[in-house]
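Opening the notebook on this one.

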Amino acid sequence: MEGLKEEIVRKLHDLGKFGNDPDGGVSRLLYSKSWVEAQNAVKAWLEKEGFEARFDEVGNLFGTLIGTKSDETILTGSHIDTVKNGGLYDGQYGIVAGIIAINYLKEKYGQPLRNLEVVSMAEEEGSRFPYTFWGSKNIVGIAKQKDVETIADFNGISFEEAMKETGFHFKDESKGMRKDVKSFVEIHVEQGSILEAEKKSVGIVQSIVGQRRFSVQLTGDSNHAGTTPMGHRRDTVYAASQMISEIITMAKEVGDPLVTTVGNIEVKPNMVNVVPGKTNFTIDVRHIDKNEIVQYTNKVKNTIATRAKEHDVEAEIDMWLDIDPVPMDAKIVKVIETVCNVNDLNYKMMHSGAGHDAQIFAPVVPTAMLFVPSHKGISHNPAEHTEPEDLAEGVKALIGTLYELAYKE
C-alpha cells in the first residue's frame with residue numbers, strides 16, 4: 001500500500017480547507033456554508049471515484065459501490081461536522097478512511113458480494129444547535145422533528161430555517177431504517193491518550209461507555225463577609241468544595257474505567273466580600289457497566305444530601321442525561337481482531353470514553369468501531385494530531401474488516 005499515509009494526510013488537508021477558521025482549526029457547523037461546501041466536495045470525490053453518490057432528506061451523504069447482492073450493504077463512515085475551532089481528524093478521518101478503503105478493495109478485488117457504502121454524516125457534535133447525532137439518528141429512524149423544530153443557534157436562526165436554506169428537509173418519520181444495511185463499522189481518532197501511551201496504532205472498541213450528567217444547585221445565604229461569624233454562615237462554596245472533593249475521591253476509590261468530572265462551577269454573587277449564597281456545579285459520570293454507574297451515582301447523591309445537611313444549605317440535583325453503555329457486536333469485533341493479527345497490526349482491545357455515531361447504530365444493526373491514536377489525547381482543538389503511520393494502520397484494519405464483511409459469504 002505504497003503512498004497510503006500520504007494520500008490520507010492529503011485528503012484530510014483538502015477537506016479541512018472547508019471551514020478553515022481564521023481563529024484556528026476547523027469550524028464546520030451543521031448546515032453552514034462551509035458544511036455545504038465540504039459535503040459537495042466529498043460528493044464530487046465519490047463521483048470521481050465511481051461511487052453512486054446521493055444525499056438523503058436531511059443531508060447525510062452516501063457513496064455506494066454496488067455488490068452482486070444489492071439488497072445487502074456494509075456501511076462505514078463518520079460525521080462531517082466539527083466543533084468550533086476543531087481539529088483536522090475528528091469525524092472526517094472516518095470518511096476519508098472509508099473512501100480510500102473501499103477504493104482499494106474495488107481496485108484489488110473488483111465488485112464485492114455486498115454493497116460497500118461510505119457515509120458522510122450530517123451531524124454528530126451538537127455544536128451549532130442543542131441536539132446531537134442528527135445524522136445517525138435519522139439514518140436509524142429515531143430522530144424526531146418535534147425535538148428540533150423549536151431550537152435555534154447562537155444567532156437565533158432556527159434549526160428548520162437553517163436546514164431548508166441548504167435545500168434539505170425533515171425525513172418522513174414513518175420510513176424507519178433501511179433494511180439493506182447489515183453492519184456498520186466506524187473508524188475514528190481515539191480522543192484520549194491510551195493508545196499513544198501504550199504505543200499502539202489501532203484500538204478495537206468493545207464497548208462505548210454509558211453516561212449520567214447532573215446539575216447541582218446549592219442555596220444558602222449571601223451575607224457580609226466581615227460581619228457574619230464563621231459559625232453563622234450558610235456558605236455554599238464551602239459545602240460544594242467538600243462535596244466535590246468526596247465525589248472525586250470516591251471515583252478514584254472505584255477506579256478505572258469509572259471516570260467522573262466536575263466541569264462547571266458557578267458562584268453567586270461571586271464577589272470577594274460576600275459570603276456565597278448560591279453555587280451550581282455539574283457532574284459527568286461514565287462507565288462501561290450500567291450497574292456501576294447506578295451504584296456510584298447513588299453514593300454521590302447521598303454524599304451531597306449529607307454535606308448539605310451539615311452545612312445547612314439546600315441542595316437540588318437534576319439528572320438531565322442518562323445513557324446506557326453500548327457494547328459493540330462481538331462477531332465483528334472478533335473479525336477485526338483476526339484481521340489485526342493476520343496483518344500483524346499493533347492493536348489494543350479497549351472501550352470508548354466518548355460518544356460516537358456507532359452507539360446510535362449499535363442497538364439496531366451489528367456495529368463495530370476502530371480507533372487510531374490522538375497525540376497527547378488532544379481533540380476538539382486545532383492541535384489535534386495523529387501520526388500518518390497510525391492513520392495508515394487504521395485504514396489497513398478497516399480494509400481487512402470490510403473485505404471480510406463484504407466479499408465473503
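I took helices (H or I, at least four residues) and strands (E, at least two) as DSSP runs, numbered from the N terminus. The model is predicted, so I kept to pLDDT of at least 70 for local features and 80 or more for side-chain atom pairs, while totals for chains, interfaces and linings use all residues. Residues are numbered from 1 along each chain as its sequence is written, and side-chain values use heavy atoms, with hydrogens and water left out.

Loop first. I found asparagine 60 in the loop between strand E1 (52-55) and strand E2 (61-65). Is asparagine 60 buried or exposed? Asparagine 60 is buried, at 0% relative accessible area; I call buried under 20%, exposed over 50% and partly exposed in between (1.4 Å probe, protein chains only). A polar atom of the asparagine 60 side chain sits 2.8 Å from the backbone nitrogen of alanine 122. Setting aside neighbours within four places in sequence, I listed the contacts of asparagine 60 (heavy atoms within 4.5 Å); among them are Gln39, Arg54, Ser120 and Asn138.

Gln39 took me to helix H2 (residues 33-48), where Gln39 is one of the buried residues, along with Trp35, Val42 and Trp45. Down the axis of H2, the buried residues fall within an arc of 135 degrees, so they line one face; I took the arc from the directions from the helix axis to the C-beta atoms. Lys33 and Lys48 are exposed on the face turned away. The buried residues of H2 pack against helix H1 (4-16), E1, E2, helix H3 (92-109) and strand E4 (114-121). Just after H2, I noted a positive phi of about 90 degrees at glycine 50.

How values were computed: A polar contact is a pair of N or O atoms within 3.5 Å; within protein, one must be able to donate a hydrogen and the other to accept it, and residues adjacent in sequence count only if both atoms are side-chain atoms.
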